[in-house]
Amino acid sequence: MQNIILHIDMNSYFASVEQQANPHLRGKPVGVCAYLSPNGCIIASSMEAKKLGIKTAFRVKDAKKICPEIILIENEPAKYRTVTTKIFSILADYTDRVEPYSIDEAFLDLTGYTKKISNAVCVAKEIQQRIKVEVGEWLKCKIGISTTRWLAKFIADIAKADAIDVITPKTAPKVYERCKLTDAWGINYRMQWRLNQLGIYTLNDLKNYPVANILAVLGKPGYFLWANVNGIEIQGVRTQEEILPKSIGHSYCLPKHNTDTNYHLSILMKLCEKTGRRLRESKLEAKNLSIFWSYVHGGGVYKIFKVPGTLFTTMDIYNQAYNVFLNKKMSAFKIRMIAVSVTNLSPLTKQLNLFDDVLGRKKIAQAMDNINDKFGEYTISYGQMHGLADQARDRVGFRKTVGVKPKLTKELLYL
Ligand SMILES: [Mg+2]
């Protein structure tokens with residue numbers, strides 16, 4: 001049985017979500033920015049802005065030079081995550097093996113769910129249609145279909161907006177003919193230069209290169225590239241449980257530089273709450289805590305340690321961080337930044353110590369999360385964080401993903 005993998009990539013994602021939410025923005029050049037200040041950069045431009053040459057990572061002032069009437073919007077991560085959750089929920093109707101790759105990209109392993117690639121094309125069409133009908137008509141995606149994870153993303157990366165493209169190891173050489181080395185996922189300019197040194201100038205050169213030579217010169221990464229272009233599966237689709245993060249944490253550069261311990265502790269609490277929320281969302285617990293802070297005049301403190309028991313609730317994390325912070329902080333020094341993270345992560349244990357009040361604390365933490373999920377962040381929060389809604393603000397990262405709830409309720413019509 002051949003593997004069938006789909007890669008889905010939303011087009012101009014953050015900008016399209018903004019245009020979906022506000023019809024007045026549709027058909028206009030829009031840039032979603034990290035910050036609106038002249039040096040802030042654009043993290044997503046709408047299709048209309050892209051046509052004018054305004055790409056991701058453009059500075060606000062440069063974008064305005066090209067198109068003075070461009071509409072610039074500050075990013076709203078919570079909005080994008082909500083839409084991603086809806087999209088991923090549709091994807092989970094087609095297989096139990098969904099890999100959320102980033103906030104707007106995912107892999108689907110349809111092996112065992114569809115027999116032929118032609119059936120997978122029907123699934124892809126239905127997914128595009130359902131996203132438009134169930135999430136928003138302005139949201140478009142391109143879908144790559146292949147027999148390996150790498151080929152599926154490769155073909156999606158070079159596909160036009162809204163397209164569904166198929167590639168197989170057999171048809172790959174023909175596709176490679178119209179591509180540059182750097183079109184391939186995993187080949188940056190540095191890698192291109194190294195490949196050039198070996199006499200590899202095209203993807204077909206790479207495909208046909210003696211594998212022993214490439215392994216000897218470039219090591220494992222070279223072998224992976226060779227295997228990928230040859231249609232050999234390296235990694236496969238990994239579900240969320242299979243990609244446990246190594247650490248979860250947050251940091252914050254303080255806007256006010258002072259020696260006010262109460263102010264620092266409230267920031268610390270907020271960082272612990274954000275860390276704790278993500279920990280619980282991922283259904284994980286942690287054994288290690290690390291805390292770092294730096295002083296305005298230079299230097300700082302870094303401490304990582306194993307905690308007794310495990311960390312799960314915000315208060316578990318805060319209590320540990322609080323002790324270190326108060327013990328080690330130089331009270332006369334102004335603080336520039338604070339970071340908290342938890343490591344040594346494992347899936348949440350079901351066995352709880354009944355002699356501890358852990359169960360109660362875990363239940364309270366989850367109840368608070370549910371309220372915040374439903375009514376918005378910081379609807380309910382710890383007293384320590386009062387008045388800090390605008391501090392340590394939410395950021396959106398391209399590699400940050402949103403969870404997928406496994407389900408298989410919908411009958412597949414394409415088997
Ligand atoms: Mg995208």
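## Contacts of Thr 168

Two residues are in contact if their C-beta atoms, placed from the backbone, lie within 7 Å. By that rule, Thr 168 touches Ser 146 and Thr 147, leaving out residues up to four places away in sequence. The structure is a predicted model.

Thr 168 sits in the loop between strand S8 (164-166) and helix H7 (172-177). Is Thr 168 exposed, partly exposed or buried? Thr 168 counts as partly exposed, because 16 C-beta neighbours fall inside 10 Å and the buried class takes 20 or more. Ala 152 lies 16 residues from Thr 168 along the chain. The C-alpha atoms of this pair are separated by 8.9 Å.

## Overall make-up

The protein chain has 13 helices and twelve strands. Of its 415 residues, 34% are buried. Take the contacts between residues at least 6 apart in sequence: 64% of them join residues at least 24 apart.

## Nonpolar cores

The largest nonpolar core has 67 residues. Leu 6, Ile 42, Leu 91 and Ile 143 have the most contacts inside it. Domain 1 (1-169 + 410-415) and domain 2 (172-230) each supply at least three residues to this core. A second, separate core has 24 residues, among them Ile 267, Leu 279, Phe 312 and Ile 335.

Which residues does Ile 42 contact, leaving aside its neighbours within four places in sequence? The list runs Gly 31, Val 32, Cys 33, Ile 54, Thr 56, Ala 57, Phe 58, Val 60 and Ala 63.

## Helix H6

Helix H6 covers residues 149-157. Eight of its nine residues are buried, so H6 is largely enclosed by the rest of the structure. The buried set is Arg 149, Trp 150, Leu 151, Ala 152, Lys 153, Phe 154, Ile 155 and Ala 156. Ala 152 is also the residue whose C-alpha atom lies 8.9 Å from that of Thr 168.

What do the buried residues of H6 pack against? Their partners include four strands: S1 (5-10), S6 (105-109), S7 (141-146) and S8. Helices H7 and H10 (211-229) are partners too.

## Helix H1 and its crossing with H4

H1 (residues 13-21) is mostly covered, with seven of its nine residues buried. These are Tyr 13, Phe 14, Ala 15, Ser 16, Val 17, Glu 18 and Gln 19. The buried residues of H1 pack against S1, strand S2 (30-33), strand S3 (42-45), strand S4 (71-74) and H4.

Two packed helices are described by the angle between their axes and the distance between the axes. The axes of H1 and H4 (residues 77-91) come within 10 Å and cross at roughly 90°. H1 and H4 are therefore roughly perpendicular to each other. On the H1 side, Tyr 13, Phe 14, Val 17 and Ala 21 take part. They meet Lys 79, Tyr 80 and Val 83 in H4. The residues of this contact divide into six nonpolar, no polar and one charged.

## Ala 106 in strand S6

Ala 106 lies in strand S6. Ala 106 is buried, because 25 other C-beta atoms lie within 10 Å. Leaving aside neighbours within four places in sequence, Ala 106 is in contact with Ile 8, Phe 88, Leu 91, Val 98, Glu 99, Pro 100 and Tyr 101.

The C-alpha atoms of Ala 106 and Leu 91 are separated by 8.6 Å. Along the chain, the two are 15 residues apart.

## Tyr 35 in the S2–S3 loop

Tyr 35 is found in the loop between S2 and S3. Tyr 35 counts as partly exposed, because 13 C-beta neighbours fall inside 10 Å. Beyond its neighbours within four places in sequence, Tyr 35 is in contact with Gly 40 and Glu 74. Tyr 35 and Glu 74 are 39 residues apart in sequence. In space, C-alpha to C-alpha, they are 5.8 Å apart.

## Two positive phi values

Most residues other than glycine have a negative phi. Asp 162 has a positive phi, near 75°. Asp 162 lies in the loop between H6 and S8. With 12 C-beta neighbours inside 10 Å, Asp 162 counts as exposed.

Asn 344 also has a positive phi, near 55°. Where is Asn 344 found? The answer is strand S12 (residues 335-347). Asn 344 is partly exposed, with 16 other C-beta atoms within 10 Å.

Notes: Residues numbered from 1 in each chain as written. Predicted model: local features only at pLDDT ≥ 70, side-chain atom pairs only at ≥ 80, totals over all residues. Core = buried A, V, L, I, M, F, W, Y, C linked by C-beta atoms within 7 Å. Domains from an automatic or database assignment. Axes fitted to C-alpha atoms, helices over the stretch in contact; angles between N-to-C directions. Parallel < 35°, antiparallel > 145°, perpendicular 65-115°, else oblique. Nonpolar A, V, L, I, M, F, W, Y, C, P; charged D, E, K, R; others polar.
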